[in-house]
Amino acid sequence: MLAAALPRAVLRLSARRYPAGLRATRAAWRGGARGEGRSGRTGFERRRWARPVGGALGFLGAFSLFPRDAEEDGEDAVILLLKRAKLCPVSPQLSVMKGELGEAEKLLHEALRLSHQSENRKAIIYTYSMMANVAFMQGQLDNAEKLYKASMSYLLAGDTKEDDNAILEMSLKLASIYAAQKQHKLALAGYEFCILTLEEKIAKQKDLPEDVLPAEEKANTRLLLGMSLDSYARYLLNINQLPAAQKMYEKALQISKDVQGETHAQTVVLMSDLATVLDAQGHHDEAYSYVKRAAELAKETQHPEEHMVLNNLAAILMHKEDFLQAKQVYKEALKQAQQKGDVASVQHIQEELAELAKRRKGSK
């Protein structure tokens with residue numbers, strides 16, 4: 001089995017340039033729109049199916065590669081290295097959150113220099129992982145691949161096991177990079193390795209008492225599995241393996257409900273995404289039940305991507321030939337997208353309204 005050779009074997013592979021026009025998926029799953037859905041058209045969009053709204057990676061919002069004490073423990077914290085150098089009053093993580101990726105990159109390069117200078121191994125690993133995340137978010141996939149591999153090499157050279165969540169999260173990001181590069185064998189092997197390893201790990205941890213393994217760590221491992229299932233589902237959807245994608249979305253949704261609750265932003269996203277793949281297979285009634293609930297929850301919780309969920313609801317209503325209701329929902333989605341300054345979604349919804357008008361005319 002190819003997946004059995006990961007992640008060590010993948011570290012020996014050289015990076016490949018990814019094709020022009022492809023964009024990196026987002027590094028965090030915060031309930032925001034997926035990179036592909038907002039900024040470019042994919043095969044399933046061209047067929048005018050409802051489009052997924054969730055970010056491809058990041059079940060935890062800001063899933064940490066390392067334990068909290070590694071971020072706070074004296075010299076091991078990159079943040080403290082930066083403060084000691086008096087480079088900037090904010091951390092690179094905060095710069096990333098603000099979209100200041102260029103500034104974050106500069107800070108992290110300096111942090112790496114200081115880490116090597118002090119021979120601080122934990123700081124080197126942490127900085128490499130942060131640099132990889134920044135490159136990933138910028139769409140610099142070749143660079144991100146090299147940086148993730150560098151970080152993994154340092155971890156595996158120490159006492160870190162291959163089923164450690166840090167290794168598995170970086171393996172997942174490598175799989176998503178290979179998916180974007182259309183290196184299908186590597187992508188499939190990466191997803192298989194992450195999912196199977198996490199399922200085995202969760203089964204082993206299930207009955208461990210709280211004093212041996214805290215409930216929070218168990219939950220984090222389950223959420224990492226959910227993140228892996230979601231990312232794999234997106235990949236399967238893009239290569240038109242719809243029943244398999246549906247299965248992955250269903251599993252990811254169940255994990256999100258169990259661990260985070262039905263009203264959590266990511267659960268809402270997953271309901272909408274599952275509706276997308278059901279709609280793509282022509283299961284419009286089942287898709288409608290999921291997306292209707294997602295829209296209700298999005299409104300109740302003031303979800304930041306409510307307009308994207310409404311867009312999906314309108315698309316499925318259109319496919320059910322409920323044209324009048326679809327138009328009303330599209331208009332509300334358009335209004336919200338305009339208020340939020342989401343130019344890509346405004347354009348997409350306007351195109352969908354034009355398609356709706358054609359369909360209404362053709363049905364008369």
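Predicted model: local features only at pLDDT ≥ 70, side-chain atom pairs only at ≥ 80, totals over all residues.
Local features are described where pLDDT is at least 70, side-chain atom pairs count only at pLDDT 80 or more, and totals for chains, interfaces and linings use all residues. Residues are numbered from 1 along each chain as its sequence is written, and side-chain values use heavy atoms, with hydrogens and water left out.

**The chain as a whole**

The protein chain holds 17 helices and zero strands. Helices (H or I, at least four residues) and strands (E, at least two) are DSSP runs, numbered from the N terminus. Of the 364 residues, 53% are buried, where buried means under 20% relative accessible area with a 1.4 Å probe, protein chains only. Take the contacts between residues at least 6 apart in sequence: 65% of them join residues at least 24 apart. Contact here means heavy atoms within 4.5 Å.

The expected span in the table is 1.5 Å times one less than the number of residues.

| Helix | Residues | End-to-end C-alpha distance | Expected span |
|---|---|---|---|
| Helix 8 (residues 141-157) | 17 residues | 24 Å | 24 Å |
| Helix 11 (residues 215-238) | 24 residues | 35 Å | 34 Å |

Helix 11 has 17 of its 24 residues buried, so it is largely enclosed by the rest of the structure. Helix 13 is mostly covered, with 15 of its 16 residues buried.

Two packed helices are described by the angle between their axes and the distance between the axes. Axes are lines fitted to C-alpha atoms, for helices over the stretch in contact, and angles run from 0 to 180 degrees between N-to-C directions.

Let's begin with helix 8. Its buried residues, including Leu-141, Tyr-148 and Met-152, pack against helix 7 (121-137) and helix 9. The axes of helix 8 and helix 9 come within 10 Å and cross at roughly 155°. Helix 8 and helix 9 are therefore roughly antiparallel to each other (angles over 145 degrees). On the helix 8 side the contact includes Ala-144, Lys-149 and Leu-155, and on the helix 9 side it includes Ile-167, Met-170 and Ile-177. By class, this contact of helix 8 with helix 9 has 13 nonpolar, two polar and three charged residues. Ala, Val, Leu, Ile, Met, Phe, Trp, Tyr, Cys and Pro count as nonpolar, Asp, Glu, Lys and Arg as charged, and the others, Gly among them, as polar.

Helix 9 (residues 165-180) also meets helix 10 (residues 184-205), with axes that come within 7 Å and cross at roughly 155°. Helix 9 and helix 10 are therefore roughly antiparallel to each other as well. Among the residues in contact are Leu-168, Leu-172 and Ala-175 of helix 9, and Gly-190, Phe-193 and Thr-197 of helix 10. By class, the contact of helix 9 with helix 10 has eleven nonpolar, five polar and one charged residues.

**A look at Ala-287**

Ala-287 lies in helix 14 (residues 284-300). With 0% relative accessibility, Ala-287 counts as buried. Leaving aside neighbours within four places in sequence, Ala-287 is in contact with Ala-275, Leu-278, Asp-279 and Ile-316. The C-alpha atoms of Ala-287 and Thr-276 are separated by 6.9 Å, and these residues are eleven apart along the chain.

Definitions and conventions:
Parallel < 35°, antiparallel > 145°, perpendicular 65-115°, else oblique. Buried < 20%, exposed > 50% of the residue type's maximum accessible area, 1.4 Å probe, protein only.
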